[in-house]
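Welcome! Take a moment to turn the structure around on your screen, and then let us walk through it together.

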Amino acid sequence: MTVADSHRAVEAVWRIESARVIAGLARMVHDIGLAEELAQDALVAALEEWPRRGVPDNPGAWLMLTAKHRAIDQFRRRDTYERKLQEVGRDLELRQDAAADDLDDALDDPIGDDLLRLIFTICHPVLPAEGRLALALRLLGGLTTEEIARAFLVPEPTVGQRIFRAKRTLADKRVRIELPPPAELPARLASVLEIIYLIFNEGYAATSGDDWARPSLCQEAMRLGRILAGLMPDEPEVHGLLALMEIQASRIPARTARDGSPVLLLDQDRSRWDRLLVRRGLAALGRAEELGTLGPYGLQAAIAACHARALTAEATDWERMAALYRLLAHVAPSPVVELNRAVAVGMAHGPARGLEIADALRDERALRGYPLLPAVRGDLLARLGRDEEAAAEFARAAELTRNERERALFHARATALLPQDAPRA
Amino acid sequence: MRYLVTLKVTVQPEGPPPADLMEAIVKLGQQATESGALLDQSGLAPSAEGARVEVSGGRLAVTDGPFAEAKELISYAIYEVRSKEEAVEWASRFVRLHRDLWPGWEGEADVLRLFAPEDFAPPA
């Protein structure tokens, strides 16, 4: 094994163990930044030792113990950490008496409370979204600052700054590393789910192109979603979000044509959908449904499942989808949801009914400049045979979009609707 | 990156697998699932219950199991990970359990990458 090989082996272990190690240390030292530093020190020690002595049988416990010893060394050197030394010392004294098995169990954190506390702290609403995103990828995903920078198309120092500021804010605001009290849980959980879904969407919006750093954000988000589902198995929205992400991600192989242009959902080759993710997504949705009423994520997953369950585009259950959009519009009202409902109703009950809903959105401020409003209206008008109005709507959509490929698509539809002898735009 | 890990047994001691081993396998599976890496897995029934469809010399032949190989395929798992080393680490943990909890057992795990959309991405 070369040095590079063994370094990669250490990094693989780090990837598996780092979040739990940082979480355990954070409980001991009450400081996320310090916990990460200590964990990094342990990683450096592993990079030195493991290639010589081999990877230990319980690498997570090894990293944790090493980091703990460093913590004690450091506290001994720094008077300012006197108070923390006492806390850690007490913690250690208690543990030194424990049998090795108990120590292993503590390090394994079988219930996962440490990790859950870390997740809630990192996603604390006192932090701006960009800070929460960067911290989550770094501390929970084990990504380097450089990897995060590449994924978000920002310079590396910017990411470094965001992480630094986020840690400082947590310290300044004296955010305690703990689970939110029951009364705050729904709002705090929403903040966690929001961050995971933001990470996912950042990747999903970029599933073409040659830099796979961005699309791999979908994998990171799903991984975080799966971890959370393991830690909070009784929360329907956790499974709902996981279902939504897995069903959406199942379409990634089919949503880009060979030439890189986007393929609309109904035109996709369904044999290219990732059946494993579809199956997992539907199973997660099933768990969410068993646990209670579906929330916004669960409902979106149920809508995505209408597509996933249909073997052909024609077999889509539009009536069910229209009904689900109605529920979604009720629990999480938004003009975009309403526009999607117009599409589903247009498919289920005819274009006239869909157009009624879409027309009601024409004065909606939030949709001003939103290219999909004229695009949806154009499609419904075309199906009603009102070609001229439809063409105008598609021309408007082409004007509004900032995506070149989308613009070409809208132009093509507008042109196809105009009489053959009309001058082309 | 998605990896398929297959487990084959070459030497299996007499008797059923120890309860400790089965328990440890369940625990490891749970851990791998909850860390987001393990997407799918299953043990496989003996090849005596299976069949093989073969093309040879232009002819299609179906033969019922058991297969004659010395190595019997006994399980598979699919992992979603960021590197080959990570898949190897999970496979090692799985095989280590067999070594530690079922004396005399010998076998091997193959770690194979599944193709993904990026393997067929259009040239940029």
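Predicted model: local features only at pLDDT ≥ 70, side-chain atom pairs only at ≥ 80, totals over all residues.

Two strands are said to pair if DSSP finds at least two bridges between them.

Four strands of chain B form an open sheet, in the order β2-β5-β1-β6, and their pairing is antiparallel. At the edges stand β2 (38-43) and β6 (106-114) of chain B; each has a single partner strand, so one side of each is left without a neighbour in the sheet. On average, and ignoring direction, neighbouring strands of this sheet are turned by 15° against each other.

Look next at β1 (residues 2-11) of chain B, which runs antiparallel to β6(B) and is joined to it by nine bridges. Within β6(B), G107(B) is the bridge partner of V9(B). A helix also packs on the sheet: α2 (residues 84-101) of chain B touches β1, β5 (72-80) and β6 of that chain, and its direction makes about 160° with that of β6(B).

**A hairpin in the open**

Is strand β3 (residues 51-56) of chain B largely in the open, or is it buried? Of its six residues, the number buried is zero, so β3(B) lies largely in the open. Its partner is β4 (residues 59-64) of chain B, which runs antiparallel to β3(B) and is joined to it by six bridges. R52(B) stands opposite T63(B) in β4(B). The hairpin of β3(B) and β4(B) has two residues between the strands, and G57(B) takes a positive phi near 55° there.

| Strand pair | Bridges | Direction |
|---|---|---|
| β1(B) and β6(B) | nine bridges | antiparallel |
| β3(B) and β4(B) | six bridges | antiparallel |

**Chain A and its domains**

Now turn to chain A, whose secondary structure comes to 20 helices and zero strands. Of the 425 residues in chain A, 44% are buried. Among the contacts in chain A with a separation of 6 or more, 59% are between residues 24 or more positions apart.

Chain A is divided into domain 1 (1-110), domain 2 (112-176 + 187-208) and domain 3 (233-310). The C-alpha centres of domains 2 and 3 of chain A lie 24 Å apart. Where these two domains meet, eight residues of domain 2 of chain A are in contact with 10 residues of domain 3 of chain A. The domain 2 side of this meeting divides into six nonpolar, two polar and no charged residues.

**The cores**

The largest nonpolar core has 123 residues, of which I22(A), L25(A), I119(A), A136(A), A301(A) and F394(A) touch the most other members. Helix α1 (residues 3-29) of chain A gives the largest share of this core, 14 residues. A second, separate core has 15 residues, including A32(B), L39(B), A77(B) and Y79(B).

**Where the chains meet**

How many residues of chain A are in contact with chain B? There are 22, and they are in contact with 18 residues of chain B. On the chain A side, α1, α11 (216-231) and α13 (275-291) each supply at least two residues. The largest share of that side, seven residues, comes from α1(A). By class, the side of chain A that touches chain B has nine nonpolar, four polar and nine charged residues.

Note on methods:
Residues numbered from 1 in each chain as written. Chains lettered and ligands numbered in written order. Core = buried A, V, L, I, M, F, W, Y, C linked by C-beta atoms within 7 Å. Buried ≥ 20, exposed ≤ 12 C-beta atoms within 10 Å, placed from the backbone. Contact = placed C-beta atoms within 7 Å. Nonpolar A, V, L, I, M, F, W, Y, C, P; charged D, E, K, R; others polar. Domains from an automatic or database assignment. Axes fitted to C-alpha atoms, helices over the stretch in contact; angles between N-to-C directions.
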